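Please read the points below alongside the sequence and the model.

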Amino acid sequence: SLSILKHYGSSEIFLEVVADFRGRLYPDADIIAYQGEDWVRSLWHFAEGRAITTKEQGNWLYVHAANCYGLSRDPYESRIRFVSDRMEVWRTVVADTFQNIEVLEEASDPFRFLGAIRELCAYEAHGLGYISHIPVQIDASSQAIQIWAGIVGNEELLRSSNVLQVVTSEGEVCHDIYRSMAHSIHDDAMTDESPDAAHWRKYGIDRGVVKKAMMIIPYGGTYNAITRIIDAECFEVPFRARVWLCKRLWNDCRDTLHDLVKMQQRLSRAVSEQLRETTKETYEWESPCGVLVKQRYMKTKRRRIRNVQGQTLYSYKIETDKVDRRRHATAFPANFLHSLDASLLCYCISLMEEQGLRNIMPIHDCVGVPAADVGAVKSLLCLSYLWVIREGQRSAKELCNILKVGGDPAGPWYHGAIGPTLEPDGLSSYLF
């Protein structure tokens with residue numbers, strides 16, 4: 001990667017972005033794309049910078065530095081205060097990085113953190129009017145859960161996933177659903193006298209592990225998927241302790257996301273029923289941004305090459321001419337969700353284009369923009385979220401109404417009343 005990048009230096013580069021079959025955007029380049037490891041992402045700056053004209057715009061540089069340090073779930077005021085109170089330390093690091101390398105080792109994304117504090121030092125030395133080129137990343141706190149929560153209208157889930165605003169006497173609350181789940185499971189371990197829970201009582205539950213496990217639920221993940229995650233992340237933990245954690249994660253995550261899971265089950269059943277009445281090999285739907293999504297899953301069978309003694313030398317799978325309805329049904333919730341988050345990003349980009357905001361680094365469900373544009377882009381992302389929820393509810397309603405519930409020709413698309421009507425003023429500032 002370095003040998004290729006050194007040929008470009010500070011040249012202006014244009015990167016193609018392509019869409020997959022669901023409409024999700026990916027940079028077409030591989031080795032030198034702005035997506036990937038922390039050190040690669042730290043190298044990219046916008047060719048055309050944007051002048052920081054207000055203190056509020058400049059504050060996003062402090063927030064970005066704190067995010068790279070690992071404080072992305074703290075309130076904004078805490079992040080700004082953490083970085084600004086330690087500016088003397090950061091200036092020392094920028095002046096002599098190698099002699100102060102231990103400071104960078106404390107950051108979760110050390111290379112991007114170094115880039116952020118370099119930009120901060122330059123901004124503070126210059127003051128307002130400083131032209132910043134560094135991409136400040138805006139990321140949804142848990143977009144898969146946020147989209148499903150909006151579709152099913154679960155008010156409690158909307159609040160815990162930072163969709164609806166929660167204000168206390170100390171200010172607006174920034175929820176972390178993964179940390180809350182980790183604390184909840186650890187509390188269970190503290191009251192569970194089973195020896196299988198002893199490891200977790202002593203060492204606690206890692207938030208990152210919980211996040212990886214919990215994130216598979218919105219995409220229709222299975223218990224086996226959770227066991228693979230725990231085995232990979234906690235391979236040094238005793239086997240019985242891993243089994244204990246897998247069961248807790250599977251049950252507690254599904255309980256927390258109960259309405260979400262029930263909606264997925266209804267959508268899967270509806271897809272299965274539709275495929276039962278057709279001979280098509282593909283299942284198709286149009287995403288909110290107009291992409292015709294086609295998923296195709298056929299049943300397979302295994303062929304084996306054997307020697308004269310009947311021993312298998314090689315085996316491989318081939319497609320049959322039969323549609324795999326089960327796989328279509330189980331794959332639909334994840335592909336449907338991806339088509340929604342892809343539409344959200346594309347819609348936001350179109351709104352940015354209308355306002356002349358053209359500096360953007362799209363990565364799946366997050367974007368990088370100059371500090372001066374963060375406030376405007378966050379507002380556009382919120383409008384895009386509301387638009388996607390409306391479109392997602394309409395699509396889910398149409399699909400679920402084909403189910404025969406209680407003998408009626410078309411049953412209710414969801415058991416229970418839809419939650420609060422989402423309005424821009426009621427959205428949390430931590431949604432993105």
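**Notes on the model**

1. Arg296 is partly exposed, at a relative accessible area of 39%, where buried means under 20%, exposed over 50% and partly exposed in between (1.4 Å probe, protein chains only). This is a predicted model, in which local features need pLDDT of at least 70 and side-chain atom pairs count only at pLDDT 80 or more, while totals for chains, interfaces and linings use all residues. Residues are numbered from 1 along each chain as its sequence is written, and side-chain values use heavy atoms, with hydrogens and water left out.

2. The side chain of Arg296 meets that of Glu319 in a salt bridge, at 3.1 Å from N to O, the term standing for a side-chain nitrogen of Lys or Arg within 4 Å of a carboxyl oxygen of Asp or Glu. The pair links distant parts of the chain, 23 residues apart, with Arg296 in strand β9 (residues 292-296) and Glu319 in strand β11 (residues 312-323); helices (H or I, at least four residues) and strands (E, at least two) are DSSP runs, numbered from the N terminus. Glu319 is likewise partly exposed, at 47% relative accessibility.

3. The structure holds 20 salt bridges, among them one between Asp38 and Arg112, whose closest N and O atoms are 3.6 Å apart. Because Asp38 lies in helix α2 (residues 38-41) and Arg112 in helix α7 (residues 110-126), this pair ties together parts that are 74 residues apart in sequence. Asp38 is buried, with a relative accessible area of 14%, and Arg112 is buried as well, with 13%. A network of salt bridges links Asp38, Asp109 and Arg112.

4. Asp176 forms a salt bridge with Arg179, the closest N and O atoms being 3.7 Å apart. Asp176 counts as buried at 7% relative accessibility, whereas Arg179 counts as partly exposed at 34%.

5. Helix α10 (residues 177-191) packs against helix α12 (residues 207-214) at an angle of about 110°, with their axes 8 Å apart; axes are lines fitted to C-alpha atoms, for helices over the stretch in contact, and angles run from 0 to 180 degrees between N-to-C directions. The two helices are therefore roughly perpendicular, a class that covers 65 to 115 degrees. The contact (heavy atoms within 4.5 Å) involves residues including Arg179 and Met181 of α10 and Val210 and Met214 of α12.

6. Ile4, in helix α1 (residues 2-5), is partly exposed at 31% relative accessibility.

Conventions
Parallel < 35°, antiparallel > 145°, perpendicular 65-115°, else oblique.
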